[in-house]
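Here is a friendly briefing to read alongside the structure. Keep the viewer open and follow the topics one by one.

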Amino acid sequence: GAPGGGRGSDWNCPSCDTLNFGSRGRTACFKCGAAREGVEAGAGGAAADGAEGDLDPRKLFLGGLPADTPFNVIAEHFSQFGTVVDAFANKTRNFGFVTLDTPEAAEAALAAAPHV
């Protein structure tokens, strides 16, 4: 497997040592933005809105999720800001992501923080 217990294409950030999933095609760390070793900064896939780089302004990190949080509760909560197009939760590590339909919806969700 990969360093840190991941799969073969996964990689650890050279700056903050965060495990990044290779299957998502990331060339920069999702946590700190550092480029993957052996990859030129700014190279790689485009975000869903066609912007350069790996950051999707519609995608929000959810930290400190209780392990028993169901996906439908995440989607239901964030749907007040826009259409939820994707939701992910890692229940063993207590984090997740939610992707809304527009950057403006994500900004509205951030402005309404904290979400408890």
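Rings of Phe, Tyr and Trp (its six-membered ring) count as a pair if their centres lie within 6.5 Å. With that in hand, Phe-61, Phe-88, Phe-95 and Phe-97 form one aromatic cluster. Please keep in mind that this is a predicted model.

**Overall layout**

- The protein has 2 helices and 5 strands, and from the N terminus on its elements run β-β-β-α-β-β-α.
- Of the 116 residues in the protein, 33% are buried.

**The aromatic cluster**

- The structure holds 6 aromatic pairs. One of them joins Phe-61 and Phe-95, which are stacked, with 6.0 Å centre to centre and 20° between the planes.
- This pair links distant parts of the chain, since Phe-61 sits in strand β3 and Phe-95 in strand β5, 34 residues apart.

**The nonpolar core**

- In soluble globular proteins, nonpolar side chains tend to be buried together.
- The largest nonpolar core here has 12 residues, including Leu-60, Leu-62, Ile-74, Phe-78, Val-98 and Leu-100.
- The elements that give two or more residues to this core are β3 (59-63), α1 (71-78), β5 (95-100) and α2 (103-111).
- Which element gives the most to this core? That is α2, with 3 residues.
- Val-98 is one of the core residues. Leaving aside residues up to four places away in sequence, Val-98 touches Arg-58, Lys-59, Leu-60, Leu-62, Ile-74, Phe-78, Val-84, Asp-86 and Ala-87.

**Strands β4 and β5**

- Strand β4 (residues 84-90) and β5 pair in the antiparallel sense over 6 bridges.
- Within this pairing, Ala-87 stands opposite Val-98 in β5.
- The hairpin of β4 and β5 has 4 residues between the strands, and Asn-94 takes a positive phi near 60° there.
- Thr-99 lies in strand β5 and counts as buried, at 7% relative accessibility.
- What does Thr-99 touch, not counting residues up to four places away in sequence? Its contacts are Asp-56, Arg-58, Lys-59, Thr-83, Val-84, Val-85 and Asp-86.
- Thr-99 and Ala-75 are 24 residues apart along the chain, and their C-alpha atoms are separated by 9.4 Å.

**A salt bridge**

- Side chains of opposite charge can pair when their charged atoms come close.
- The structure holds 1 salt bridge: Asp-56 pairs with Arg-58, and the closest N and O atoms are 2.9 Å apart.

**Positive phi outside glycine**

- Asp-17 has a positive phi of about 65° although it is not a glycine.
- Asp-17 is placed in the loop between β1 (11-12) and β2 (19-20), and it is exposed, with a relative accessible area of 53%.
- Asn-94 likewise has a positive phi, of about 60°, without being a glycine.
- Asn-94 lies in the loop between β4 and β5 and is partly exposed, with a relative accessible area of 30%.

How values were computed:
Residues numbered from 1 in each chain as written. Predicted model: local features only at pLDDT ≥ 70, side-chain atom pairs only at ≥ 80, totals over all residues. Heavy atoms only, no water. Core = buried A, V, L, I, M, F, W, Y, C linked by side-chain atoms within 4.5 Å. Buried < 20%, exposed > 50% of the residue type's maximum accessible area, 1.4 Å probe, protein only. Contact = heavy atoms within 4.5 Å. Salt bridge = Lys/Arg side-chain N within 4 Å of Asp/Glu carboxyl O. Phe/Tyr/Trp six-rings, centres within 6.5 Å; stacked < 30°, edge-to-face > 60°. Pairing = 2+ DSSP bridges.
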